[in-house]
Amino acid sequence: MNISISGRHLTVRQDLKNLIEKKLAKFDKFFPGGADASATCRCERDDKIIEITITVGSTIFRAEKRSDTFQSALDMCLSSIERQIRKNKTRLEKRMKASLTVPDDVIADDHIEEEIMFDIRKKAFPIRPMTVEEAIMQMNLIGHTFYMFLDAESSKMCVVYKRHGDTYGLIVPEE
């Protein structure tokens, strides 16, 4: 597994880097074909926050947790990601074929119900070209945390979303 560790507005100590690498190594059993992992550490007031993202092909596992210490936040993140993998084991195996293997002894430890069907609500609405600022205004007016729109400048489908701390994000398709 390729692991990259970074800190936002702080320098990650070597002992924390070693701990993250050691704990992420246990996910090698799930991804024998290899995976990319990134861990970002940051502090907000008295909280220590770790965000871990594991990418395997086009599948992304992500968890962000906050705690009093980086170690406990890391443990919570890894537990969350492992739960995601276990919960969606069958669906992921079909999708990723040989790039994901979940040993049977790992699954036997937990009794996690696998979701068989999704309850999907379909919604159709007219899409007109607009700027990012207009899309954010529309999103706020309808009270949602995201809004899909046709970008007037690039003519691409984009999504704006509300982030933690009253900031916004923009998702644009790759070229």
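**View 1. Overall arrangement of the chain in the predicted model.** The chain holds 5 helices and 8 strands, and their order along the sequence follows the pattern β-α-β-β-β-α-α-α-β-α-β-β-β. Of the 175 residues in the chain, 30% are buried, while the chain exposes about 11800 Å², of which carbon and sulfur atoms supply 51%. Among contacts between residues at least 6 apart in sequence, 38% join residues that are at least 24 apart.

**View 2. The buried and exposed residues of helix H1.** Helix H1 spans residues 14-24, and its buried residues are Leu-16, Leu-19, Ile-20 and Leu-24. These residues lie on the same side of H1, because they cover an arc of only 120 degrees around the axis. On the other side of H1, Gln-14 and Lys-22 are exposed.

**View 3. Elements that pack against the buried residues of H1.** The partners of these buried residues are strand E1 (2-8), strand E2 (36-44) and strand E3 (47-56), together with helix H2 (70-87).

View 4. Is Pro-129 buried, exposed or partly exposed? With a relative accessible area of 49%, Pro-129 is partly exposed, since exposed residues are those over 50%. When residues up to four places away in sequence are not counted, Pro-129 touches Leu-150 and Ala-152. Pro-129 and Ser-154 are 25 residues apart in sequence, and their C-alpha atoms are 9.6 Å apart in space.

Notes
Residues are numbered from 1 along each chain as its sequence is written. This is a predicted model: local features need pLDDT of at least 70, side-chain atom pairs count only at pLDDT 80 or more; totals for chains, interfaces and linings use all residues. Side-chain values use heavy atoms; hydrogens and water are left out. Helices (H or I, at least four residues) and strands (E, at least two) are DSSP runs, numbered from the N terminus. Buried means under 20% relative accessible area, exposed over 50%, partly exposed in between (1.4 Å probe, protein chains only). Contact means heavy atoms within 4.5 Å. Accessible areas come from the Shrake-Rupley method with a 1.4 Å probe; for residues, only the protein chains shown count as cover. The arc is that of the directions from the helix axis to the C-beta atoms.
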